[in-house]
Amino acid sequence: MTQGRVQFGFLMLLVIGVFVTPDIVYAEEGFPALTVEKDGDTETYSLSIQVLILMTMLTLLPAAVMMMTSFTRIIIVLAILRQAIGLVQTPSSQTLVGLAFFLTFFIMGPVFNQIYDVAFQPYVEEKIDLQTAVTKAGEPLHKFMLSQTRTNDIAMFSDIAGIDDIKTAEEIPFRILVPAFVTSELKTAFQIGFLLFIPFLIIDLVVASVLMSMGMMMLSPMIISLPFKIMLFVLVDGWNIIIGTLASSFFV
């Protein structure tokens, strides 16, 4: 388990490195932690600079997990589902986040495995340097995000950034792809959430109409409709349908 966590953390650091590694100049001040000699050139990496870069990457790790994977769509749909049923604190927020986190592991498994094979393993075996590993780690993630992003969202952010010389999808930079991907994920999540609301809304309308026809206007329809919505969700095996639909939506 510990080794898996270390590998996942390193993979995410490689992904984050796509944004923070270009043309970094290492200062020679401080205690020299590592000296690398290649083709007659010697590079000295300062310990303080290494710690600074590592801490910066760690602060960006939660944002990368949430915004560059399937986590955003899943957690929004689950939150909307809880609201549609009418349960304020059940399941708890911790339960929803945990479920979304492990579903993200399941969905992103092929991407993480590819990053491990093309970037992490060659880097550990010293077949490629860190910059090459970061570049290779970004390619599978770029492909995944691109497959889930709408063309009009990419075009919108390209126009805002003033970039109009993109000829192929592979040339789209991460600074355009990431916000476009997040925007597309938000749209998709709210579309799924709208479809989830419809059956529960129908139950609320039916219960409210029955109560008004019986003259029981002082009784809250939510109290009566809640058991029926829970029963409907259980009878149709709602968790299986929701989780299965969410997982399969990333593999279409």
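# Close-up views of a predicted model

Figure 1. Thr-188 is in contact with Arg-73 and Arg-150, when its neighbours within four places in sequence are left aside. The structure shown here, as in every figure below, is a predicted model. Thr-188 belongs to helix 7. Its relative accessibility is 14%, and because buried means under 20% relative accessible area, Thr-188 counts as buried.

Figure 2. Ile-76 is located in helix 3. With a relative accessibility of 17%, Ile-76 also counts as buried. Residues up to four places away in sequence not being counted, Ile-76 touches Leu-186, Ala-189 and Phe-190. Between Ile-76 and Thr-188 there are 9.8 Å in space, C-alpha to C-alpha, although the two residues are 112 residues apart in sequence.

**Figure 3. Ile-160 at the surface of helix 6.** Helix 6 spans residues 151–161 and contains Ile-160. Is Ile-160 buried or exposed? The relative accessible area of Ile-160 is 63%, and this residue is exposed. Ile-160 and Ile-176 are separated by 16 residues in sequence, and their C-alpha atoms are 9.5 Å apart in space.

**Figure 4. The packing of helix 7 against helix 8.** The two helices pack at an angle of about 140°, and their axes are 9 Å apart. This angle makes helix 7 oblique to helix 8. The crossing of the two helices is right-handed. On the side of helix 7, the contact is formed by Pro-199, Phe-200, Ile-203, Asp-204, Val-207, Ala-208 and Leu-211. These meet Pro-221, Met-222, Ile-224, Ser-225, Phe-228, Lys-229, Leu-232 and Phe-233 of helix 8. By residue class, the contact of helix 7 with helix 8 comprises 12 nonpolar residues, one polar residue and two charged residues.

**Figure 5. Asp-237 in the loop between helix 8 and helix 9.** The loop that lies between helix 8 and helix 9 includes Asp-237. Phi of Asp-237 is near 55°, which is a positive value in a residue other than glycine. Asp-237 has a relative accessible area of 41% and is partly exposed.

**Figure 6. The buried face of helix 9.** Which residues of helix 9 are buried? In this helix, formed by residues 238–248, the buried residues are Gly-238, Ile-242, Leu-246 and Ala-247. When helix 9 is seen down its axis, these buried residues fall within an arc of 150°, so they line one face of the helix. Against which helices do the buried residues of helix 9 pack? Their partners are helix 3 (71–85), helix 4 (93–124), helix 7 (174–213) and helix 8 (221–235).

**Figure 7. The protein as a whole, for orientation among the close-up views.** The protein has nine helices and two strands. Read from the N terminus on, its elements follow the order α-β-β-α-α-α-α-α-α-α-α. Of the 252 residues in the protein, 35% are buried. Among the contacts between residues at least 6 apart in sequence, 67% join residues at least 24 apart.

How values were computed:
Residues numbered from 1 in each chain as written. Predicted model: local features only at pLDDT ≥ 70, side-chain atom pairs only at ≥ 80, totals over all residues. Heavy atoms only, no water. Buried < 20%, exposed > 50% of the residue type's maximum accessible area, 1.4 Å probe, protein only. Helix = DSSP H or I, 4+ residues; strand = E, 2+ residues; numbered from the N terminus. Arc of directions from axis to C-beta. Contact = heavy atoms within 4.5 Å. Axes fitted to C-alpha atoms, helices over the stretch in contact; angles between N-to-C directions. Parallel < 35°, antiparallel > 145°, perpendicular 65-115°, else oblique. Left-handed = near helix turned anticlockwise from the far one by under 90°. Nonpolar A, V, L, I, M, F, W, Y, C, P; charged D, E, K, R; others polar.
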